[in-house]
Structures are given as C-alpha cells and as structure tokens.
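Welcome, and thanks for opening the viewer. Please load the structure, and we will walk through it one selection at a time.

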Amino acid sequence: MSRVYNFSAGPSMLPEAVLNRAASEMMDYEGSGQSVMEMSHRSKVYDGIFQSAQALLRKVMNIPENYKILFLQGGASSQFAMVPMNLMTGSGKADYVLSGQFSTKAYKEACRYGDCKAVASSKEDNFSRIPVLDKKEFRPDADYFHICMNNTIYGTVWQELPDTGDVPLVADISSCILSRPIDVSKFGLLYAGAQKNVAPAGLTIVIIREDLIGEPMPFTPTMFNYGVMAENDSMYNTPPCWPIYICKLVLEWIENEVGGLEAMEKRNVEKAQLLYDFLDSSKLFNGCAEKDSRSIMNVTFVTGDPEMDAKFVKESTAAGFVNLKGHRSVGGMRASIYNAMPREGIEKLVAFMKKFEEENL
Ligand SMILES: *Cc1c(COP(=O)(O)O)cnc(C)c1O
C-alpha cells in the first residue's frame with residue numbers, strides 16, 4: 001500500500017489513525033454485528049455514537065451551554081440560504097464582508113431574501129487579504145453580520161474579529177474549524193461543511209446561540225428551519241450517520257492523540273511556517289496572500305509564469321504530492337494543509353520545491 005500526500009482543499013486527508021479505526025470497526029461495530037453505515041439512526045447503538053460526537057465537539061471547541069449544535073446536510077452552501085431565512089427576520093437587514101468567493105456567494109444568496117449590504121470587499125486586491133473595515137459602514141440595526149473566517153481559495157484568514165457591537169456575528173468556518181481554539185461566545189452562529197477538517201463530505205455543522213433560534217421566514221422549508229432541527233436534536237429526518245461517526249473519531253484523535261485544540265494550533269502554525277519561510281526565501285515561488293492575512297490551512301503561491309506553474313503541478317503530482325493545483329478560478333498553486341496533513345508531508349514538499357527551484361531557475 002502506498003499513500004500520497006494529498007493537498008486537496010476538500011474533501012481532504014483524514015488522520016490515518018481514524019481511517020484505520022474505521023476500517024477495523026467496519027464489519028462489526030462494537031459487537032453489534034453491523035457497520036455504522038447499516039444501522040438505524042434511531043437505534044441505541046447509533047444514539048451512543050451521535051451523543052458522543054456532540055458531547056466531544058462541545059468539549060473540544062469549548063462550546064457554551066447556551067449554544068445548540070446541529071448536525072445537518074446540504075453543505076456550507078445551504079447555510080448561505082438557511083442563515084438569512086432564519087436570522088434576517090427582524091429589520092430584514094444583514095451586513096456582509098466580501099473576502100473571497102464563498103463570502104461573495106453567501107452575500108448573493110442572502111440578497112434574495114432581504115436587504116443585504118456589502119460593507120467591505122478586497123476584490124480589487126484579488127482577495128489577497130482580509131478587507132480593511134470602516135465601522136461607519138456597519139448598520140447597527142442589522143439582524144446579523146457575516147464573515148467567512150478562512151478563505152479557502154485565496155489562503156487568507158481573519159486575524160482579528162470585527163467589532164459588531166450587539167449585532168450577532170455569523171461566520172463560515174468550513175476550512176478552519178478545529179484548526180485552533182476559537183471563542184465561540186463571540187459569535188451568534190458558526191457553520192462549516194465537514195469535508196475540510198472534520199469528516200467525509202455530507203455533514204454540515206451549525207453552532208447557534210439559542211436565543212437566535214426563532215420563527216423563520218414563512219416560506220422556509222421545514223428542513224431549513226433551525227428551530228425544527230434543534231427541537232428534534234438533528235433527527236427530524238435521517239442525519240448523515242457515517243460522517244457523524246467519522247467526526248467522532250476525528251474528535252477523539254484531536255482530544256487523545258493531539259492533545260486538544262491548543263496543541264493542534266501549535267502543530268498547524270509550525271507546519272504552515274515551514275512552507276511560508278520557504279516561500280519568503282524562494283527566488284522562484286511567491287506567496288499570494290498578504291503576510292498579515294496568511295492562513296495556516298491553505299497556502300497559495302505562484303511562480304509568476306503559468307507554464308512554470310503547470311510544470312510544477314505535473315512534476316509534483318508524479319512525485320506523490322497531489323492536488324496542488326490552485327482553484328480553477330485563480331490558477332497557481334495551493335497547498336491545503338489541514339489538521340490531518342503530517343508535518344513530514346510539508347517537509348518533503350518543501351524539499352521537492354527546493355529541488356524544483358534549483359532545476360528551473
Ligand atoms: C468548501 C467551502 C464552502 C463550500 O462548502 P460545501 O460544503 O461544498 O457547500 C463554503 N465555504 C468555505 C469557506 C469553504 O471552504
């Protein structure tokens with residue numbers, strides 16, 4: 001068996017310990033005589049998995065008691081609609097910061113449901129940094145203020161949260177959830193597709209402050225109603241059973257093997273630093289994100305010559321470093337180095353890049 005170093009932006013690598021554990025439990029989960037994929041979601045044995053996944057997420061992320069955890073489907077993209085349908089019900093206004101493609105999609109979707117305002121954008125700078133904010137643009141009567149915390153395509157991250165006063169802060173944390181501790185109490189709502197750092201595709205995690213769960217817009221589908229999902233403990237219908245189980249294994253890995261989110265952050269910062277230090281010293285490769293906005297999860301870089309970029313992608317793939325091609329909309333390269341990417345993968349990538357530079361400069 002030979003495994004590649006997979007730098008995909010998502011779905012992405014899972015910890016080998018988790019894959020091995022899932023494989024060992026595949027045919028007979030804890031003496032139940034069945035795999036987790038085959039179980040009734042209402043069975044006692046599955047309920048145990050579900051409850052411990054929720055409890056572990058609360059523990060690892062230090063989620064306060066007045067927040068509900070929802071395990072939904074539909075991806076982060078469904079939240080682009082679900083958030084406004086449920087939250088834009090007071091003044092009917094919401095403020096958005098445009099820091100990349102996903103936040104722009106979220107904004108455009110929300111515009112269908114109410115009065116949305118783009119209060120800042122870094123589009124003019126090709127989204128190479130988090131936008132500069134002007135608080136005068138914020139609307140104090142907005143129902144919420146939306147940001148995308150880590151911009152997966154551009155490799156930028158919010159280093160400091162915007163001060164939105166009493167307006168609830170809503171954040172898409174799809175590509176940085178579980179990468180470092182975050183103070184959940186600073187947010188009204190957090191959401192994430194699981195396929196970057198938590199589990200296989202199919203699970204969407206929503207963490208919502210209880211007082212924000214109310215009556216959604218009248219046309220809201222039942223499946224898009226946070227209240228219904230919360231009342232039914234995410235079991236209104238069949239939840240994404242298998243990804244929730246893998247989520248539990250990933251959380252156990254973070255808790256027991258890594259040592260929690262502070263230790264996870266230390267690992268991730270060191271991993272990213274290896275790559276950024278090399279990019280800063282390289283004569284061939286350049287990092288794309290401004291230094292004060294650099295993400296520790298997605299590292300974007302170019303040579304400045306699309307043909308050289310293509311050559312690098314081809315040769316790195318052949319050498320076992322896969323999915324380094326940048327997003328189809330921006331080109332260049334992107335190394336997504338989520339929690340499960342071992343340090344060794346980055347050390348080897350840097351060595352490969354050094355060699356490539358020597359051969360091609
Ligand atoms: C991947 C990603 C999305 C899209 O997620 P889906 O689950 O595919 O809908 C949205 N936002 C961010 C920040 C992402 O990284």
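For this tour, Ala, Val, Leu, Ile, Met, Phe, Trp, Tyr, Cys and Pro count as nonpolar, Asp, Glu, Lys and Arg as charged, and the others, Gly among them, as polar. Keep in mind that this is a predicted model.

**Stop 1: the ligand**

Select the ligand and show the shell around it. By those classes, the shell has four nonpolar, seven polar and two charged residues. Of the 13 residues around the ligand, the ones that come nearest are Ser77, Thr152, Asp172, Gln195 and Lys196. Now color helix α3, residues 75–87: this helix gives the most to the shell, with four residues.

- Ser77 has a side-chain N or O atom 2.6 Å from an oxygen atom of the ligand.
- Asp172 places a polar side-chain atom 2.6 Å from a nitrogen atom of the ligand.
- Lys196 has a polar side-chain atom 2.5 Å from an oxygen atom of the ligand.

How much of the ligand does the protein bury? Taken alone, the ligand exposes 390 Å², and the protein buries 86% of that.

**Stop 2: Gln73**

Move to Gln73, in the loop between β2 (67–72) and α3. Zoom in on the side chain of Gln73, where a polar atom is 3.0 Å from the backbone oxygen of Thr238. Leaving aside neighbours within four places in sequence, Gln73 is in contact with Gly202, Thr204, Thr238, Pro239 and Pro240. If you also select Met39, 34 residues apart from Gln73 along the chain, you will find their C-alpha atoms separated by 18 Å.

**Stop 3: Asn197**

Select Asn197, found in the loop between β9 (189–193) and β10 (204–209). Asn197 is buried, with a relative accessible area of 6%. A polar atom of the Asn197 side chain lies 3.0 Å from the backbone nitrogen of Asn339. Beyond the neighbours within four places in sequence, the contacts of Asn197 include Cys176, Leu178, Val250, Met297 and Tyr338.

**Stop 4**

Most residues other than glycine have a negative phi, and most peptide bonds are trans. Here are some exceptions to click on.

- Leu178, one of the contacts of Asn197, has a positive phi of about 70 degrees although it is not a glycine. Leu178 lies in the loop between β8 (169–172) and β9 and is buried at 2% relative accessibility.
- Phe127 is not a glycine either, yet has a positive phi of about 55 degrees. You will find Phe127 in the loop between β4 (115–121) and β5 (144–148), buried with a relative accessible area of 8%.
- The peptide bond from Gly10 to Pro11 is cis, with omega near -10 degrees. Pro11 lies in the loop between β1 (5–6) and α1 (16–24).

**Stop 5: the cysteines**

A disulfide is a covalent bond between the sulfur atoms of two cysteines. How many disulfides does a search of the whole structure find? The search finds zero. Cys116 counts as buried, at 12% relative accessibility.

Finish at Cys241, which is in no disulfide; the nearest cysteine sulfur, that of Cys247, is 13 Å away. Cys241 is buried, with a relative accessible area of 13%.

Key: Residues numbered from 1 in each chain as written. Predicted model: local features only at pLDDT ≥ 70, side-chain atom pairs only at ≥ 80, totals over all residues. Heavy atoms only, no water. Near = heavy atom within 4 Å. Polar contact = N/O pair within 3.5 Å; in protein donor to acceptor, adjacent residues only side chain to side chain. Areas by Shrake-Rupley, 256 points an atom, 1.4 Å probe, with all protein chains shown as cover. Helix = DSSP H or I, 4+ residues; strand = E, 2+ residues; numbered from the N terminus. Contact = heavy atoms within 4.5 Å. Disulfide = S-S within 2.5 Å. Buried < 20%, exposed > 50% of the residue type's maximum accessible area, 1.4 Å probe, protein only.
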